[in-house]
Amino acid sequence: MKNSYQIAVLPGDGIGPEILDAAVKVLDRVAELTGVSFRYVYGRIGGCAIDEDGTPLPDETLRIAKESDAVLLGAVGGPKWDQNPGHLRPETGLLGIRKGLGLFANLRPATMHPSLVEASSLKPEVVAGVDLIVVRELTGGIYFGEKKRYTVDGREVAEDQLIYNEAEIERIMRVSFEIARKRNKRLCSVDKANVLESSRLWRSVAERVANDYPDVELTHMLVDACAMQLVRAPKQFDVIVTENMFGDILSDEAAMLTGSIGMLASASLGEGSFGLYEPVHGSAPDIAGKGVANPLATILSVALMLRHSLAMDQAADAVERAVWAVLAAGHRTADIAADKSRAIGTEQMTAYVLEELAKQLEN
Ligand code: NAD
């Protein structure tokens, strides 16, 4: 752990600035309580960058991000830019920064807080106690393979190539084993090895890397079985690692176990400890500027940043415990409130987390 870190802060559009404000307040409080200092460098991305700089990802933003220890991102997009051509769309900035920073591992935790069990569409006894994380390979597989269209005997044919090499599989496995090591030491590698050659390579590399992690239990599951088990008995999972397309689908499925978009954090990791941290939800233009956005997904993303990029595990645990304590005390923003008339706004929710954080870190 160093005693000073530079964080690139990219608020983006819609509720982005409001929720990143909350995130920075949480980091400021962590700094006060731990003596570690954070230097924030702000940059534009998405719609606001299109308006100001004529591009959704200005070079300056990528430079700032590369020079930092980690990146905190709000959200991009909104109706104002919906009709723009591809290169001038806010999400092009998002794809650009992920690629520009070489982020190859996407982490999506799904943790069920006991008092939010009713928000899930599944039975309480199935989802209570769920605490898992999906690690998705982000830069290989069928999404990046060669795509072709041609005609054979008068019929149109489409082709998508699915390629993985050993090195790509090994680095995502190492990230996943390291994460499992910090949690309950169980890693489930998901593939389709009964059908796909790329999955057979995936499985053999997983087995080989496992030799370096004797303390972590490695299991394998076919993707169709995993999709079923996630809704049938999700508590069996600790860390799931899978390739790009399977991960795209399974991470959304796992996220929905917890029921609320305003609570879901994510991390995208590159080489070393560098990472980009953002809530799973979008820019929520319908509530932007009203001060009612739920800041907890972003605050939980800060916890991921403290753990995975800044080696501040204790502070990360404290931020997560603070969020759970605030929920246990019954505080709710409108998106997760059963009684909307008693819902609190972004600032009040953040203030409760800050108060709890002091207690949790002093413990
Ligand atoms: P969204 O996630 O922005 O909103 C979906 C619904 O959830 C809305 O009703 C919104 O008010 C609510 N919601 C989302 N986050 C919330 C929060 N923190 N607190 C309370 N309520 C919250 O998805 P959408 O409406 O499909 O997309 C809106 C814009 O966001 C679009 O321009 C889309 O392209 C963009 N988007 C960006 C990202 C990203 O930046 N990573 C992801 C998804 C969508």
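**View 1. R307 is a buried residue of this predicted model.** R307 has a relative accessible area of 14%. Buried means under 20%, so R307 counts as buried. Look for R307 in helix α10, which covers residues 296–308. Which residues does R307 touch, not counting those up to four places away in sequence? They are K182, M312, D313, A316, D317 and E320.

**View 2. The second largest pocket holds about 530 Å³ of space.** Of the 26 residues that line this pocket, the closest to its centre are T111, D131, R183, R307 and E320. Several elements each supply at least two lining residues: β4, β5 (131–137), α6 (166–182), α10 and α11 (313–328). By class, the lining of the second largest pocket has 12 nonpolar, 6 polar and 8 charged residues. Both domain 1 and domain 2 give at least three residues to this lining.

**View 3. Two domains meet in this protein.** The domain assignment gives domain 1 as 1–103 + 270–363. Domain 2 runs over 105–262. How many Å separate the centres of the two domains, taken over C-alpha atoms? The separation is 24 Å. At the contact, 17 residues of domain 1 meet 16 residues of domain 2.

**View 4. The largest pocket holds about 640 Å³ of space.** Its lining counts 30 residues. L94, L95, R98, L138 and E278 lie nearest the centre of the pocket. Which element gives the largest share of the lining? Helix α4 (90–100) does, with 5 residues. Other elements that each supply at least two residues include β3, β4 (105–111), α9 (244–257), β11 (265–269) and β12. The lining divides into 11 nonpolar, 11 polar and 8 charged residues. Domain 1 and domain 2 each provide at least three residues of the lining of the largest pocket.

**View 5. Strand β3 pairs with β1 and with β12.** Strand β3 spans residues 70–75. Is β3 buried or exposed? 6 of its 6 residues are buried, so β3 is largely enclosed by the rest of the structure. Strand β1 (residues 4–12) pairs with β3 in the parallel sense, over 5 bridges. Strand β12 (residues 275–279) also pairs with β3 in the parallel sense, over 2 bridges. Find L72 in β3: this residue is the bridge partner of V9. L72 also has Y277 of β12 as a bridge partner. Both β3 and β12 return in the lining of the largest pocket, each with at least two residues.

**View 6. The model has 1 cavity of 30 Å³ or more.** The volume of the largest cavity is about 60 Å³. Its lining is made of L162, Y164, V190, D191, L196, S198, S199, W202, E243 and F246. Helix α7 gives the most, with 3 residues. By class, the cavity lining divides into 6 nonpolar, 2 polar and 2 charged residues.

Methods:
Residues are numbered from 1 along each chain as its sequence is written. This is a predicted model: local features need pLDDT of at least 70, side-chain atom pairs count only at pLDDT 80 or more; totals for chains, interfaces and linings use all residues. Side-chain values use heavy atoms; hydrogens and water are left out. On a 1 Å grid over the protein atoms alone, a cavity is a set of points where a 1.4 Å probe fits but cannot get out, and a pocket is an open set with protein on both sides within 12 Å along at least five of seven lines; lining residues have an atom within 4 Å of a point. Grid points are joined across faces, edges and corners, and a volume is the space filled by probe spheres set on the points. Helices (H or I, at least four residues) and strands (E, at least two) are DSSP runs, numbered from the N terminus. Ala, Val, Leu, Ile, Met, Phe, Trp, Tyr, Cys and Pro count as nonpolar, Asp, Glu, Lys and Arg as charged, and the others, Gly among them, as polar. Buried means under 20% relative accessible area, exposed over 50%, partly exposed in between (1.4 Å probe, protein chains only). Two strands pair if DSSP finds at least two bridges between them. Contact means heavy atoms within 4.5 Å. Domain bounds come from an automatic or database domain assignment.
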